[in-house]
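Open the model in your viewer and follow the stops below in order. Each one says what to select and what is there.

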Amino acid sequence: MPRLCAPKGELVKKFIYFALVVFLISVLLLGRETFSIAPSHVIPQPDRHPSPSPTPRPHSDAQTPGSPPEPIVFSLIMWSKSSATEGALLIKSIIMYSSRPTDIHIICDDAAERVVRSRLSLLERPLHQVRVWYYKPGWQGMLDRVEREGSIQTDHSAGLPGLMKLFIHEILPSNVTKSIFVDTDAFFISDPTLLWNIFDTLRPRTAIVMASHPDQDAPEWNNASRICSCVMLLDLAKLRKERLMHSSVYAKINPDNPGKALSTAAFRAMYGLPGGDGKGRYTNVRLGDQGYWWAIVDYHKNIFEPLSFDFEVTSCLMDTYLTGLGADTIAEKEELKHQIHIEHTPQEGKAVLPKLLHFNCLHGTDIYMNWPGWNDPKDGLNVRWGDAMRYHNGYKWIWLNQGDRKKPRHNLEMYTIDKVVFADEQALKRHMQANKHGHHH
């Protein structure tokens with residue numbers, strides 16, 4: 001029986017058609033990888049490779065079916081190998097518990113980036129998308145920005161990098177509109193989505209959320225211990241719009257009306273003139289950046305809301321409210337009876353249900369996981385939380401590879417931004433370019 005064959009001409013046509021389809025698909029895929037339509041001044045462009053936009057997706061409960069949820073956005077500061085060793089555990093806990101994609105923006109030095117990258121390199125198949133940006137303002141860049149502000153300085157161990165908490169909104173790209181800030185000596189024991197969702201509950205003007213402890217009385221610190229800038233929700237878009245921090249640059253942009261920063265009046269109301277005569281710097285501010293945040297939120301009460309103590313279970317001053325592991329069947333009413341430092345605070349009448357642990361004021365060690373007290377079976381903090389620290393510290397990074405082995409749906413993306421330009425200098429640059437174009441026309 002003769003075989004049925006297609007005429008030779010038809011085979012050639014089919015081959016050409018097939019080759020054309022393959023070519024078009026290749027072009028489309030290449031284009032998708034190569035071209036970015038986002039404005040270049042907004043998106044960090046690391047190593048000349050296209051960077052995905054770090055813009056959080058529009059926050060909406062009515063998500064289209066099949067669309068990924070918006071990422072939770074963190075802004076962290078790690079300056080040194082030891083702070084990054086702590087911060088890496090914080091990041092591990094975020095990925096452990098997060099039920100949605102995560103964007104993490106880290107203001108850091110080279111040593112810190114190396115530590116975090118070495119840990120994250122073990123993350124090959126995360127359950128949800130994880131994207132990390134490393135911002136390098138450099139020591140001189142940070143000094144220069146503080147110099148342009150003109151009045152602040154610090155006596156705190158966190159030093160100059162600690163002051164950068166006041167400038168997160170100027171370092172991160174303008175399309176990152178809100179973020180959670182957490183100190184490196186803390187970690188989550190719950191889904192960070194619970195903290196992120198608080199943004200949806202805030203008043204329209206609120207730009208800053210942190211724990212409030214009005215029961216604390218420390219005149220030697222100007223009562224700055226009545227807040228803790230260790231865990232904050234920051235509406236970065238509002239802080240940019242309202243201009244949180246002063247810069248000498250604004251007088252160059254508009255000499256007749258440079259405008260005023262929120263912080264200027266706040267600092268003067270609490271601490272007087274900088275240097276005593278308005279020509280120096282503040283020497284009477286304690287607790288580093290926290291002393292400045294305290295002045296800001298005490299003066300501008302309309303942009304501040306208190307954070308639940310659930311997210312600030314701290315070993316410093318609060319003794320973790322005397323809550324901890326154990327007595328697992330206790331009722332909330334009974335638990336509340338045993339807790340301390342809650343009366344006369346926004347938490348009054350509500351039991352603290354821990355979601356984030358903060359191990360600060362553990363003196364004598366650079367890395368809180370190495371604190372000698374963890375080896376003391378009689379130490380109260382160790383009794384309450386030592387097992388939690390050991391579990392999270394010992395949890396292997398490779399255990400976070402929870403995506404499908406054969407077809408992982410998500411991956412880890414990391415980007416380095418080597419030359420950070422603060423927002424005030426970006427504004428000056430835009431002004432000068434506009435003037436230049438204006439003269440040409």
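Select Trp374: this residue is buried, with a relative accessible area of 5% (buried means under 20% relative accessible area, with a 1.4 Å probe and protein chains only). The model is a predicted one, in which local features need pLDDT of at least 70, side-chain atom pairs count only at pLDDT 80 or more, and totals for chains, interfaces and linings use all residues. Residues are numbered from 1 along each chain as its sequence is written, and side-chain values use heavy atoms, without hydrogens and water.

The structure holds 15 aromatic pairs (ring centres of Phe, Tyr and Trp, the latter by its six-membered ring, within 6.5 Å; planes under 30 degrees apart are stacked, over 60 edge-to-face, the rest tilted). Trp371 and Trp374 form an edge-to-face pair, 5.1 Å centre to centre with 85° between the planes. Now show Phe187, Phe359 and Tyr368, which ring pairs link with Trp371 and Trp374 into a cluster.

Next, select helix α11, residues 289-299 (helices are DSSP runs of H or I, at least four residues; strands are runs of E, at least two; both are numbered from the N terminus). Nine of its eleven residues are buried, among them Trp293 and Trp294.

Finally, colour the open sheet of eight strands, ordered β8-β6-β7-β4-β1-β2-β3-β11 with mixed pairing (strands pair if DSSP finds at least two bridges between them). β8 and β11 stand at the edges with a single partner strand each, so one side of each has no neighbour in the sheet. Zoom in on β3, residues 130-135, which runs parallel to β11 and is joined to β11 by six bridges. Tyr134 stands opposite Thr416 in β11.

Note on methods. Buried means under 20% relative accessible area, exposed over 50%, partly exposed in between (1.4 Å probe, protein chains only).
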